[in-house]
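Please look over the model below before reading the points. They are meant for someone new to it.

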Amino acid sequence: MKKLHRLLLFSFVSAGLVGCEDNILDIPNENNPDFARVYATGPDVENVASGLYNAVFIGENNTNGVQPMLATAADNVTCSFGNFGMRDMSWEPRNFAWDNSPTYANSGQTNNSYNRWYSAIGTASNVLRAIDGGVQIGANGADNNRTRAFAKFTLGLAYGNLALVFDRAHIVDETKTVDAALETAVPYEEVASAAIAYLEEALALSNESFTIPASWLGAPADISSADFRKIINTSAARILSYLPRNNAAVVDVDWARVRAYADNGITADWLVLQDGTTRWYFNSGDYLRRVGWGRTDMYVVNMMEPSLPAYWEDRGDFPTPPEPATALDNRLKTDFQYMPSNDFIADRGYYHFSCYRLKRYDAVFQPNIGSKPTVALAENDMLRAEARAYLGDLAGAAAIINAGTRVTRGNLDPVAADFDDIIEAIHHERHVELHTTGFGVQFFQMRKLDLLQIGTPLHLPLPGALLQNLGLTEFYTFGTVAAADGIGTSNGGWR
């Protein structure tokens, strides 16, 4: 039987999914006769390694991936248009299962993110294989640890994303292969455990002092190994916190571990410097707030000003809410723009309508040049606070929240040291402060609090194109009210 890494890499190339970046396009696996040539020298391997994170980033941020439809499924963003799977994941009621057929017009949304992340996995594995085979990077291998740490970091991020988004995945790396069959894929919990193990290896390797070039992470400046460790820690905390598929599973999270990771996490925004639309572009974040595209869901608008409705009723005579003179959360005025009319398609549901859009990052997105957080410091702060809340340190959790953006930017009252109030305050910040930052955070937040509307998929199936390559002719999926079991499909909902 074929080994899976061969099948995966073949599908990347045949689908044209690795042709956008030179450092990904021509990377063969170890069975390709060109492997020895492509990975022959230290500079060769280092050049390949320099593009690893970009593949992960594109899988998170391209509009042809899962981010847009996760945003609408989470009722963080609203859009009636059929592009990017946004409408098909936000019909109401949620009686449309995700169409996992390879012929579905939006099948590329899952396939593209999945393939980008496995492209990063395959290339990182080849980098590690080359180093293990004796390639020396830098003088006498002085930079081997840096490159190895970055490759392990990439494996951790890519598998972490797969665990957060899909119900299962195949685990392969520089030492592991599996038979190409659906049965060899493991549940998302095991995928997450593997991701954390890779990140732990990256942390250990990063105890050595080195510098990550800015271009490797699309950063505004080079990154020290100490700051790289902070990024790794925050990445691990995100995976553990956001993994639960329902509220009952939240108690199973190792919150002490989340606290340890987050406390050692980023101390400033993790920034990516956009370069137009070439390699570093928050493509989804752009369209989710661009005039004529995505708008902020009324669910989020109501959080900031309770006099505004949380839901646009599905009828033509529902009045457009007037712009309030003031708002409970100051960010409704500073970060969002009132829109007195809608350009969505009424026949697809008035419930898509909204009178606000995010304007906070307009100056960055107009030319698509400039820095924007991929993970904001506020996100790490919420991880720190959340871990303390679930560990019973309510005063500590409240102190973190009250020292942060809730008060400093939102001008909201400090939250009390009460568990329910703290969880609600964290929920608020993840929807408002983190709007269009932090891949998938609002979907993962709604999921673990049982707030995704009933019938919404809690995770996505392995892409139909992959299942077809595995020889299957039936393509499993999730979604619809009838299938609501709280395991693969939401049986809860905020309304």
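Predicted model: local features only at pLDDT ≥ 70, side-chain atom pairs only at ≥ 80, totals over all residues.

1. Residues are numbered from 1 along each chain as its sequence is written, and side-chain values use heavy atoms, without hydrogens and water.

2. Helix H7 (residues 108–132) packs with helix H8 (residues 144–165) at an angle of about 150 degrees, the axes being 9 Å apart. H7 is therefore roughly antiparallel to H8 (an angle over 145 degrees). Helices here are DSSP runs of H or I with at least four residues, and strands are runs of E with at least two.

3. The crossing of H7 and H8 is left-handed. Residues in the contact (heavy atoms within 4.5 Å) include Trp117 and Leu128 of H7 and Leu155 and Tyr159 of H8. By class, this contact of H7 with H8 has 15 nonpolar, 5 polar and 3 charged residues. Ala, Val, Leu, Ile, Met, Phe, Trp, Tyr, Cys and Pro count as nonpolar, Asp, Glu, Lys and Arg as charged, and the others as polar.

4. How many cavities of 30 Å³ or more are there? The count is 9, a cavity being a set of points on a 1 Å grid where a 1.4 Å probe fits but cannot get out. The largest cavity has a volume of about 140 Å³.

5. The largest cavity is lined by 13 residues (an atom within 4 Å of a point), with Glu60, Leu157, Asn161, Ser235 and Arg238 nearest its centre. H8 gives the most to this lining, with 4 residues.

Terms used:
Axes fitted to C-alpha atoms, helices over the stretch in contact; angles between N-to-C directions. Parallel < 35°, antiparallel > 145°, perpendicular 65-115°, else oblique. Left-handed = near helix turned anticlockwise from the far one by under 90°. 1 Å grid on protein atoms, 1.4 Å probe; cavity = no way out; pocket = protein on both sides within 12 Å on 5 of 7 lines; lining within 4 Å. Points joined across faces, edges and corners; volume = space filled by probe spheres on them.
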